[in-house]
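Subject: Structure handover

Hi,

Here is the structure I promised you. Please open it next to this email and follow along.

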Amino acid sequence: MTVTKGLEGIVATTSSISSIVDGVLTYRGYDIDDLAWNAGFEETAYLLWFGKLPSAAELEKLNRDLGRFAPLPAELLEQMKLYPKNANTMAALRSAVSALALYDSAADDMSREANEIKAVKLQAQLPTIVAALARIRQGLEPVAPKSEASIAENFLYMLWGREPDAVSVKALDAALVLHADHELNASTFAGRVTVATLSDIYSGVTSAIGALKGPLHGGANEAVMRMLEEIGSPDNVDSYISGKLERREKIMGFGHRVYKNGDPRAKHLMKMSHELGVMKNDTSLYDMSVRIEELITSRKGLKPNVDFYSASVYTQLGIERELFTPIFAISRVSGWTAHILEQYEDNRIIRPRAEYTGLIEQKYVPVDER
Ligand SMILES: CC(=O)SCCNC(=O)CCNC(=O)[C@H](O)C(C)(C)COP(=O)(O)OP(=O)(O)OC[C@H]1O[C@@H](n2cnc3c(N)ncnc32)[C@H](O)[C@@H]1OP(=O)(O)O
Ligand SMILES: O=C([O-])CC(=O)C(=O)O
């Protein structure tokens with residue numbers, strides 16, 4: 001048996017959703033550099049689900065559906081109020097998304113049409129859940145979603161309880177576009193493995209959320225922010241990073257399984273981080289990040305990934321650290337559900353092998369003789 005730890009380089013499926021070739025990321029053939037500043041998040045989600053950019057009428061219908069599906073079942077909101085206030089937000093999100101299935105009578109309807117509706121529903125409801133969890137944790141009442149607003153605008157409105165400014169909405173919208181899909185990353189793979197047993201779409205998304213939570217994947221954006229908080233000021237970067245490298249600790253937000261010459265999404269988030277700093281007359285988070293990048297690139301040859309500059313972007317938008325990975329999920333649920341729909345279309349159960357390295361030829365000994 002040839003064992004490939006971490007399945008590095010293994011091609012486990014075909015997919016027509018996103019591709020990474022020579023460091024270029026495309027969604028359905030559109031370069032992410034083209035989509036990042038030109039496409040809105042809703043049309044990006046449509047592109048991932050249906051394989052083409054929507055017409056004006058199709059986009060209008062999608063926006064109407066997202067607005068209509070965004071409110072949560074009242075029972076779920078009441079349950080969420082009972083979650084411990086100090087619970088990890090990704091753990092709470094995972095529980096709430098799992099519970100959504102209980103309130104959807106079509107949860108086990110496996111027709112393509114029903115699953116497409118559930119994909120749009122999940123996309124609509126995740127932002128409402130995350131904003132509600134954040135407010136409940138602060139002892140505030142959740143804010144009901146508006147029926148006519150983009151996902152970025154609606155999320156910030158529900159989070160802050162006031163109309164967000166246009167700059168914040170545009171920055172969040174672009175960040176959502178950049179995080180929407182990424183070929184066969186760990187969380188997408190987890191979602192596909194789950195639904196390949198012909199389990200339901202809620203189970204698939206719940207699995208994916210669990211995988212995204214880890215600090216080697218989506219959870220890295222929160223870990224990056226923790227590191228920036230520990231560093232505190234640009235003057236401390238060099239000694240902090242030297243210490244970490246001497247202790248052979250990982251620097252979160254750097255390195256990538258697929259990109260060895262840099263993540264094409266990072267430059268957009270870097271630009272956003274700089275622009276937000278300039279607007280706020282305080283570029284210290286950006287300056288610290290740039291110095292960390294210089295040090296890690298020169299000393300380890302590693303480049304920042306999507307999680308690195310997103311930390312300073314979200315913080316400068318006034319978003320608390322505990323929401324960074326849930327915001328990643330708000331975006332990535334578009335990709336997860338597109339992959340789940342694709343998996344159902346041409347399904348085969350995913351069941352690799354393991355090379356056994358344990359004990360052999362053991363004989364059972366009754367418990368009182370052990
Ligand atoms: C949205 C996303 O999921 S993007 C990724 C987010 N994750 C992070 O930012 C966490 C930090 N990065 C990492 O842990 C890794 O780079 C991963 C998980 C992203 C990729 O892991 P792998 O493809 O298995 O890379 P691997 O761990 O083999 O790295 C190769 C070498 O670079 C080192 N390396 C990789 N990333 C880092 C890092 N961030 N800091 C320090 N060293 C690193 C490894 O220790 C390894 O060194 P070695 O050969 O001396 O043992
Ligand atoms: O593809 C990966 O391994 C991780 C990643 O960058 C993502 O999911 O966006």
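Start with the inside of the fold. Of the protein's 370 residues, 44% count as buried. Keep in mind that this is a predicted model. The mean pLDDT is 98, and 100% of the residues reach 70 or more. For the complex, the predictor gives an ipTM of 0.98 and a pTM of 0.98.

**Overall fold**

The protein has 16 helices and 3 strands. Its radius of gyration is 21 Å, close to the 21 Å that the globule rule gives for 370 residues, so the protein is as compact as a globular protein of that length. Along the principal axes, the C-alpha trace spans about 70 × 55 × 45 Å. Look at the contacts too. Among those between residues at least 6 apart in sequence, 76% join residues at least 24 apart.

**The annotated site**

Which residues does UniProt mark as "active site"? The record, an unreviewed entry, places that feature at His256 and Asp307. They span 52 residues in sequence, yet no two of their C-alpha atoms are more than 10.5 Å apart, so they gather at one spot.

Take His256 first. You will find His256 in the loop between helix H12 (237-246) and helix H13 (266-279).

Now Asp307. This residue sits in helix H15 (residues 306-316). Asp307 is buried, because 29 other C-beta atoms lie within 10 Å. Beyond residues up to four places away in sequence, Asp307 touches Ala220, Asn221, Val224 and Gly253.

**The two ligands**

There are 18 residues around ligand 1. Ala220, Lys250, Phe254, Gly255 and Arg257 come nearest. By class, this shell has 7 nonpolar, 7 polar and 4 charged residues.

Around ligand 2 you will find His182, Asn185, Arg257, Val258, Asn305 and Val306. That shell divides into 2 nonpolar, 3 polar and 1 charged.

Some names come back here. Arg257 is listed for ligand 1, and Arg257 is also listed for ligand 2. Ala220, from the ligand 1 shell, is a contact of Asp307.

**A buried valine**

Go to Val205 in helix H10 (residues 201-212). Val205 has 30 C-beta neighbours inside 10 Å, so it counts as buried. What does Val205 contact, leaving aside its neighbours within four places in sequence? The answer is Val97, Leu122, Gly191, Val333, Trp336 and Thr337. Val205 and Trp49 are 156 residues apart in sequence and 15 Å apart in space, C-alpha to C-alpha.

**Two backbone details**

Check the phi angle of Asp22. It is positive, about 50 degrees, although Asp22 is not a glycine. Asp22 lies in the loop between strand S1 (18-21) and strand S2 (24-27). With 5 other C-beta atoms within 10 Å, Asp22 is exposed.

Then check Asn281. Its phi is also positive, about 55 degrees, and Asn281 is not a glycine. Asn281 is in the loop between H13 and helix H14 (284-300). Asn281 is exposed, with 6 other C-beta atoms within 10 Å.

That is the tour.

Best wishes

Methods:
Residues numbered from 1 in each chain as written. Chains lettered and ligands numbered in written order. Predicted model: local features only at pLDDT ≥ 70, side-chain atom pairs only at ≥ 80, totals over all residues. UniProt positions renumbered as here; feature names shortened; annotations may be inferred. Helix = DSSP H or I, 4+ residues; strand = E, 2+ residues; numbered from the N terminus. Buried ≥ 20, exposed ≤ 12 C-beta atoms within 10 Å, placed from the backbone. Contact = placed C-beta atoms within 7 Å. pLDDT = per-residue confidence, 0-100. Near = placed C-beta within 6 Å. Nonpolar A, V, L, I, M, F, W, Y, C, P; charged D, E, K, R; others polar. Rg over C-alpha atoms; globule rule 2.2 N^0.38 Å.
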